[in-house]
Amino acid sequence: MGMESYNFLLAPKDYEVIFDDEIVELKGNQALPFSEVIKSISSIPLVQSYIPKDSSKDDNAECYYFYSDSTCIIELEVNAGIIEDKGVEEISVRFAVINPVDTFNKTIQICRGICNNLQMRTIDLRLGQVLDLSDDLQILRSEKAFETKRSNFFKLFMLDEETWTRPSYCGKELYDEIRTR
């Protein structure tokens, strides 16, 4: 998880989630069919496939999607960019913290939709816990962690929150954009 992004990990509900320091391990036997996962992601309005600028040649284009409504960008990565015969064990849902604050709520809505369609659950990697997306208190705690991370990022790079208005991807593309300001 980069300093520029806020990350959620979606995993099948029957998978065991083990937190060890800053590493999350998923253990389970019933991965989801790749085609079913892609169908669910592709059905989300304003979602389309893309290839991240910092992806390697071994990454599969079929694993990368983004949501954009002209105000924010939310990235979705299936199985860490790898198509596996056994199916899908995880979906990473992330966004650059420099996107508008409302991006958090849009991300939670995307996570809810995917989790409901595919019988998955959401892990907040910043908090290191599984989120109950129906628990407003847990969502609020996650949102506060995002807001803190966002504020710290703006301070670290001496950026003015009020003047940053365009949606941004995570990773290299964001850092290239910051350097050109």
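In which handedness of crossing does H1 pass H2? The crossing is right-handed. The legends below take this and other close-ups of a predicted model in turn.

**View 1. Helix H1 packs on helix H2.** H1 spans residues 34-42 and H2 spans residues 103-118. Their axes lie 10 Å apart. The packing angle is about 145 degrees. H1 contributes Glu 36, Val 37, Ser 40 and Ile 41 to the contact. H2 contributes Ile 114, Asn 117 and Leu 118. By class, the residues of this contact are 4 nonpolar, 2 polar and 1 charged.

View 2. Phe 34, Val 37, Ile 38, Ser 40 and Ile 41 are the buried residues shown in H1. Why do they share a side of H1? They span an arc of only 160 degrees around the axis, so they sit on the same side of the helix. The spacing fits a general rule. An α-helix has 3.6 residues a turn, so residues three or four places apart point the same way. Ser 35 and Lys 39 are exposed on the other side of H1. The cover over the buried residues of H1 includes strand E4 (47-49) and strand E5 (64-68). It also includes E6, E7 and H2. Val 37, Ser 40 and Ile 41 are buried residues of H1, and these three also take part in the contact with H2.

**View 3. Helix H2 crosses helix H3.** The axes of H2 and H3 are 11 Å apart. The angle between the two helices is about 135 degrees. H2 and H3 are therefore oblique to each other. H2 passes H3 in a right-handed crossing. On the H2 side, the contact uses Phe 104, Asn 105, Ile 108 and Arg 112. On the H3 side, it uses Ile 139, Ser 142, Glu 143 and Phe 146. The classes here are 4 nonpolar, 2 polar and 2 charged residues.

**View 4. The buried side of helix H4.** H4 runs over residues 172-179. Which of its residues are buried? They are Leu 174, Tyr 175, Glu 177 and Ile 178. The four cover an arc of only 160 degrees around the axis, which places them on the same side of H4. Strand E7 (91-96) and helix H3 (136-156) pack against these buried residues.

**View 5. Ala 96 in strand E7.** Ala 96 belongs to strand E7. Is Ala 96 buried or exposed? Its relative accessibility is 0%, so Ala 96 counts as buried. Cys 170 is 74 residues away from Ala 96 in sequence. In space, their C-alpha atoms are 4.8 Å apart. Neighbours within four places in sequence are left aside in the contact list of Ala 96. The list then holds Glu 4, Ser 5, Ser 168, Tyr 169, Cys 170 and Leu 174. Leu 174 is also one of the buried residues of H4.

View 6. Asn 99 is placed in the loop between E7 and H2. At 0% relative accessibility, Asn 99 counts as buried. Asn 99 and Cys 72 are 27 residues apart in sequence. Their C-alpha atoms are 5.7 Å apart in space. Leaving aside neighbours within four places in sequence, Asn 99 touches Thr 71, Cys 72 and Ile 73, among others. Its contacts also include Arg 150, Pro 167 and Ser 168. Ser 168 is in contact with Ala 96 as well.

**View 7. Two loop residues with positive phi.** Ala 80 sits in the loop between strand E6 (73-78) and E7. Its phi is near 55 degrees, a positive value in a residue other than glycine. Ala 80 has 40% relative accessibility and so counts as partly exposed. Met 158 lies in the loop between H3 and H4. Phi of Met 158 is near 50 degrees, again positive in a residue other than glycine. Met 158 is exposed, with a relative accessible area of 76%.

View 8. Where does Asp 135 lie? Asp 135 is in the loop between strand E9 (129-131) and H3. With 26% relative accessibility, Asp 135 counts as partly exposed. Gly 28 is 107 residues from Asp 135 in sequence. The two are 25 Å apart in space, C-alpha to C-alpha.

Terms used: Residues numbered from 1 in each chain as written. Predicted model: local features only at pLDDT ≥ 70, side-chain atom pairs only at ≥ 80, totals over all residues. Heavy atoms only, no water. Axes fitted to C-alpha atoms, helices over the stretch in contact; angles between N-to-C directions. Left-handed = near helix turned anticlockwise from the far one by under 90°. Contact = heavy atoms within 4.5 Å. Nonpolar A, V, L, I, M, F, W, Y, C, P; charged D, E, K, R; others polar. Buried < 20%, exposed > 50% of the residue type's maximum accessible area, 1.4 Å probe, protein only. Arc of directions from axis to C-beta. Parallel < 35°, antiparallel > 145°, perpendicular 65-115°, else oblique.
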